[in-house]
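Try each task before you read its solution.

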Amino acid sequence: MKKGLAKLSIALVASAIAMSAQAKTQTFVFCSEGSPEGFNPSLYTAGTTFDASSKTIFNRLVEFEVGTTNVVPGLAESWDVSEDGLEYTFHLRKGVKFHTQKKGFKPSRDFNADDVLFTFERQDDPEHPYHKVSGGSYEYYSGMGMNELVKDIVKVDDYTVKFVLSKPEAPFIANMAMDFASVFSAEQADAMLAAGTPEKLDLDPVGTGPFQKVQYQKDSIIRYVGNANYWQGAPAIDRLVFSITPDASVRYAKLKAGECHVMPYPNPADVEQMQKDADINLLSQEGLNVGYLAFNTQKAPFDNVKVRQALSLAVNKQAIIDAVFQGSGKIAKNPIPPTMWSYNEKTVDYAYDPVKAKALLAEAGITDLKTNIWAMPVQRPYNPNARRMAEVIQADWAKVGVTAEIVSYEWGEYLKRSKQGEHDTVLLGWTGDNGDPDNFLSVLLGCDAVGGGNRAMWCHQPFNDVIMKAKQISAQAERAPLYEEAQLIFKEQAPWITIAHSVAYKPIRKEVQGFKVDPLGGHHFYGVSLK
Amino acid sequence: MFQFIIKKLMLVIPTFIGITLLTFTLIRLIPGDPIEVMAGERGVSPERHAALRAELGLDQPLLVQYFDYVKNIASGDLGRSLITKTPVTEEFLTLFPATVELASCAALFAILVGLPCGIIAAVKRGSVFDHSVMTFSLTGYSMPIFWWALLLMLVFSVNLGITPVSGRLDVTYWIDEVTGFMLIDTLLSGEEGAFASALHHLVLPSIVLGTIPMAVIARMTRSSMLEVLGEDYIRTARSKGMAPMRVIVVHALRNALIPVITVIGLQVGILLSGAILTETIFAWPGIGKWLIESIGRRDYPVVQGGILIVATIIIVVNLLVDIMYGVVNPRIRHSK
């Protein structure tokens, strides 16, 4: 009898321990919008891929502070910049562990300079044994001009790495916080190469990040476990699950049913109902983007600044915000978003004034102008319905005697033709990569970008001189006034009608704590917990 | 019968060549450069563009590209996805079990409900049941799938909380993928409650996907049964005093089944080729969604390879249906 009681009590205690352990296990579910292209963020450009790889598995030498675009130390504890702005020396953090895979790679050493060298040399050097693995296209590394910019990468010692640049470039440090700069394990790379399966490094990599990837089923699920050895401390979430749910209405249904805790990209039409939902907190932040209409300034009559100003005055932006954005957008007056440093509050926008617009057109000698408006065939955060937007602008311009035809092409074709300047006016937009104003002003409006990102085909020397000067100064306090000046020149010259910055909504369950909306559009789960 | 199968198989070869030619040409006829689509607003420099075209083999003349493609198919290589860089066959094999699982359950639902409904409606012609079946099947046939799916989801998952909203398994179960069939993998895992969860997740998608085939089967069974029930030999059987149940099941149904089998075969073929809307709404990782996304991204190898595999499945299913004819209908079995 006594033995039986003892057995029973042991069983009860054991089950109580098991139950408490189970209760403590926090499983956090993110209803992501699609499958990642892969798990090596340097090979791809989609935000979906970055959420699943760089934001969870990896770290970079420097990081964007979550919720801001400030650059803070990451795997590098600190960095120095030489006086001529050509050398960046990173002092690496010691004692950082890479993940250990259950079945697979087990690291024998901590993170060090070799890992940094491997990460960047792979992308930079066409002769590197890993350069051509998994397709070998490093779109962000080359797109940000890193090939030309980085002259040399030197290992000073095991915990010091020096980047030598070909010219002084202030945005370099922000570039280093971007997803493509996620640090891989050189030891894992060597092991995979020796085993004859180098592509496995990109499918199943280990990183130093807060979560370790455990399982991926395409179009279905990604499972991670919290990294107990994470250098900033173990995450509060034990298990992180990405439940891949492409349809926004279904994501909302899952959120309501408690099947997921956070969902990205809600339907604008659902936002009002989400605000009323007692189980949901609706977070919002202005996105780091801008939607615009670019005039082709190399084609008459758009080479005339008065015509551009007149057509800017003729557009009722508030009507566009109401009709197209349904509350998820704000009027844009500058080419950079308000959340970005150096945003010029003093810029005066072209207020809707058809009478003044007509007078200005007459002054420019324009009558019965016939033109076109190109409308994108795809939905973007900065422009959820380009066709509708084009229709509103078309109606506004008709009121000042301008007849515009709406033109659209398949997306790839649209991008190609507008790059070549086939349009009169074109609707497009941009989402920032690194929180640096140069990433908007130079990429979209610089003289070097004509025939590329500069859809206005606009090369205005005074503007270009200012942004080029700002690019070469390291101190942010000195750069900001230059960018503010550039915004005033831009507004006066009106190569674009700046239309809107989107407002990104993030519906989260009430029990979620510590989730911050990232202005760069990513989703971060470190520091997040469940009540 | 054997000759019949051989003849059918011979016809498959030109069909295959036709499919490769069609998919290869059609995807290239759609305007849009895969590299521009991949790069988006960011764009690529002309040099990088040219380099990427060369890497992907898109700089070759179309004829050379086509022959390379056919040569690779002959050696069993369907190429790699331009986006994920993974072999097409590997991606297909990862996703196909989910499609088969869903298609089988949907087909089961359609047959188990559609067939008896059609039979009873024919036997009780003109009754309330008959009218109800006809109205219901017409509604089912003409209902937009996405609307039906969202409606069921809102009622049963969100409001009543009876069924899960989407996915294949509750996220609390961490099951290793062995076969790709969730019902089998959950059984193999031995985790308590996992199999029930997988089954639970199949209910709504199977009903949604099975609704149209069910309506088609019910209507076809009804009309085919009505035709057979009016035949002389049925009257003879009845006048001989044979049990009504025996007349219906043995004499009428067997003959009425031939056109129904054709319809079931066609429906199963369609189901196996992936259900784009159902898969998207229920976040079901199948091949329908995979193909549609690939068309949008101009992922040529996936579109070409995927369609070729799907076409093969439809051809095989049709062949099986033809053989089934022989089993059900002796006239075909014994014909030379």
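**Exercise 1.** Find which residue is the bridge partner of A:Ile153 in strand 7 of chain A.

*Solution.* Start at A:Ile153 and look across to strand 7 of chain A: the partner there is A:Phe163. Keep in mind that you're looking at a predicted model. Now zoom out: strand 6 and strand 7 of chain A are joined by six bridges and run antiparallel. Strands in a sheet pair through backbone hydrogen bonds, in either a parallel or an antiparallel way.

**Exercise 2.** Work out the strand order of the open four-stranded sheet in chain A, and say which strands are at its edges.

*Solution.* From one strand to the next, the twist averages 20°. Finally, spot helix 3 (residues 113–124) of chain A, which packs on this sheet and touches strand 5 (87–92), strand 6 and strand 7 of chain A. The direction of helix 3 makes about 165° with that of strand 6 of chain A.

**Exercise 3.** Explain why helix 15 (residues 411–419) of chain A counts as largely enclosed.

*Solution.* First, check burial: seven of its nine residues are buried, so the rest of the structure largely encloses helix 15 of chain A. Among them are A:Trp411, A:Tyr414 and A:Leu415. Then ask what they pack against: strand 14 (370–374) and strand 16 (425–431) of chain A, plus helix 2 (34–39) of chain B.

Key. Residues numbered from 1 in each chain as written. Chains lettered and ligands numbered in written order. Predicted model: local features only at pLDDT ≥ 70, side-chain atom pairs only at ≥ 80, totals over all residues. Buried ≥ 20, exposed ≤ 12 C-beta atoms within 10 Å, placed from the backbone. Helix = DSSP H or I, 4+ residues; strand = E, 2+ residues; numbered from the N terminus. Contact = placed C-beta atoms within 7 Å. Pairing = 2+ DSSP bridges. Axes fitted to C-alpha atoms, helices over the stretch in contact; angles between N-to-C directions.
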